[in-house]
Amino acid sequence: MKQFELIAPCHFGTEAMLKREILDLGYEISQVEDGKVTFLGDAQAVADANLFLRTTERILLKVGQFRAETFEELFEKTKALPWEELIPRDGKFWVTKATSIKSKLFSPSDIQSIMKKAIVERLKQHYRQSWFEESGCSYPIRVTLMKDTVTAALDTSGVSLHKRGYRRKTAKAPITETLAASLLMMTPWKGDRILVDPFCGSGTFPIEAAMMAAHMAPGLNRSFLAQQWDHLIPSKCWENAREEAKDLLDTDIKTDIQGYDIDGEVIKSARENARLAGVDHLIHFQQRPISQLHHPKKYGFIVTNPPYGERLEEKETLPELYRQIGEAFFRLDSWSMYLITSYPDAQRYIGRNADKNRKIYNGMLKTYFYQYPGPKPPGKQRREQRI
């Protein structure tokens, strides 16, 4: 099969998790940059990446890369790329998004318009026709300019990969599925360990954790744009990926995953989302405030996305809320806590500085992932010593 260069964008600060996922799939990494990982793979890799990667927003098939400091350069170098190898005669194509950072060309609308014209000119020459009906499959093109270097790529995913197909109802300040998966992967938590999210909202952390525990591919219950591109990605590739995903799936496992929220309506939404994801039997949701958080067992994990105080009226309540978080955590003997927030005084009111913290961009919002790792269970320690 033909080799492609594939680009997987991700949240800033989560590149290492995405890199690990791609390597686990068996594909070669060619470059890791802020907010994206580039890797090499064939048509099967396109299907595998869309179906199995938990931490990327989409899979882009790189068409080409070049420098351009003027619109004339942008037109000519775009026209020089082999678009006819990717877009068929009846293909519907457009530049769906253009992003420019630290580049002389900075108008997204002008970049989009000029590149579309250049692609049309290239296809006119190749197909020997002056007008394109564009009645066939869609081929959206995404373009980034970084320090005058232009990268053009086809979007193989279509709808963003964070939309697994289960979150029909959302709570305020939701965390995306891809970011939740990335943060879970930053912790030592495994499917056989206790996990509690005391601010579960629409249930994203517990649901993503349950999917990971059940080895459920995140793309198993949705479709992808490139499934229509038979000339590039044969249908057999998608069949292979889905067959492997179904073979790996194990929903009969035993888990101790819990989600709490003070709002009863939010809990109803979380339960419905878990049902749609097919993991409702693996999660216990309950209406409960953080002050009532307790668990009889040791060595559990709190992984959560508490309120940040984005609204003025919320800010007044944050000191007491984070104090309660600290008190609840300290009551849980030998537990670990992992908490993402943009609240600058989080550690102060929790009552203890995190052992580690990692800067993560949740969209445009700078947040910190505070990490309070607890001790390992004795049996686990002995097993690791024997290894």
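User: What should I know before I start?

Analyst: Residues are numbered from 1 along each chain as its sequence is written, and side-chain values use heavy atoms, with hydrogens and water left out. The model is predicted, so local features need pLDDT of at least 70 and side-chain atom pairs count only at pLDDT 80 or more, while totals for chains, interfaces and linings use all residues.

User: How many cavities of 30 Å³ or more does a search of the whole structure find?

Analyst: First, the general idea: on a 1 Å grid over the protein atoms alone, a cavity is a set of points where a 1.4 Å probe fits but cannot get out, and a pocket is an open set with protein on both sides within 12 Å along at least five of seven lines; lining residues have an atom within 4 Å of a point. Grid points are joined across faces, edges and corners, and a volume is the space filled by probe spheres set on the points. Here the search finds one cavity of that size, and the largest cavity holds about 60 Å³.

User: Which residues line the largest cavity?

Analyst: They are Glu5, Ile7, Gln31, Glu33, Lys36, Thr38, Lys62, Gln65 and Thr151. Helices (H or I, at least four residues) and strands (E, at least two) are DSSP runs, numbered from the N terminus. Strands E1 (4–9), E2 (28–33), E3 (36–41) and E4 (60–67) each supply at least two residues of this lining. For classes, Ala, Val, Leu, Ile, Met, Phe, Trp, Tyr, Cys and Pro count as nonpolar, Asp, Glu, Lys and Arg as charged, and the others, Gly among them, as polar. The cavity lining has one nonpolar, four polar and four charged residues.

User: What is the volume of the largest pocket?

Analyst: The largest pocket has a volume of about 1200 Å³. Among its 31 lining residues, Pro9, Phe12, Asp34, Gly35 and Thr144 are the closest to its centre. Two or more lining residues come from each of E1, E2, E4, E5 (92–101), E6 (138–146) and E7 (149–155). Strand E6 gives the largest share, five residues. By class, the pocket lining has 12 nonpolar, 10 polar and nine charged residues.

User: How do I read a helix such as H7, and which of its residues are buried?

Analyst: Start with length: the expected span of a helix is 1.5 Å times one less than its number of residues. Helix H7 (residues 235–248) has 14 residues and reaches 20 Å from first C-alpha to last, close to the 20 Å expected. Next comes burial: buried means under 20% relative accessible area, exposed over 50%, partly exposed in between (1.4 Å probe, protein chains only). In H7, the buried residues are Cys237, Trp238, Ala241, Arg242 and Ala245. They lie on the same side of H7 because they cover an arc of only 125 degrees around the axis, an arc being that of the directions from the helix axis to the C-beta atoms. The face turned away from that buried side carries exposed Lys246 and Asp247.

User: Which helix do the buried residues of H7 pack against?

Analyst: They pack against helix H2 (43–52), where contact means heavy atoms within 4.5 Å. Gln44 is found in H2 and counts as buried at 15% relative accessibility. Leaving aside residues up to four places away in sequence, Gln44 touches Met1, Tyr27, Lys236, Cys237, Asn240 and Ala241.

User: Is Lys268 buried or exposed?

Analyst: Lys268, in helix H8 (residues 264–277), is exposed, with a relative accessible area of 51%.
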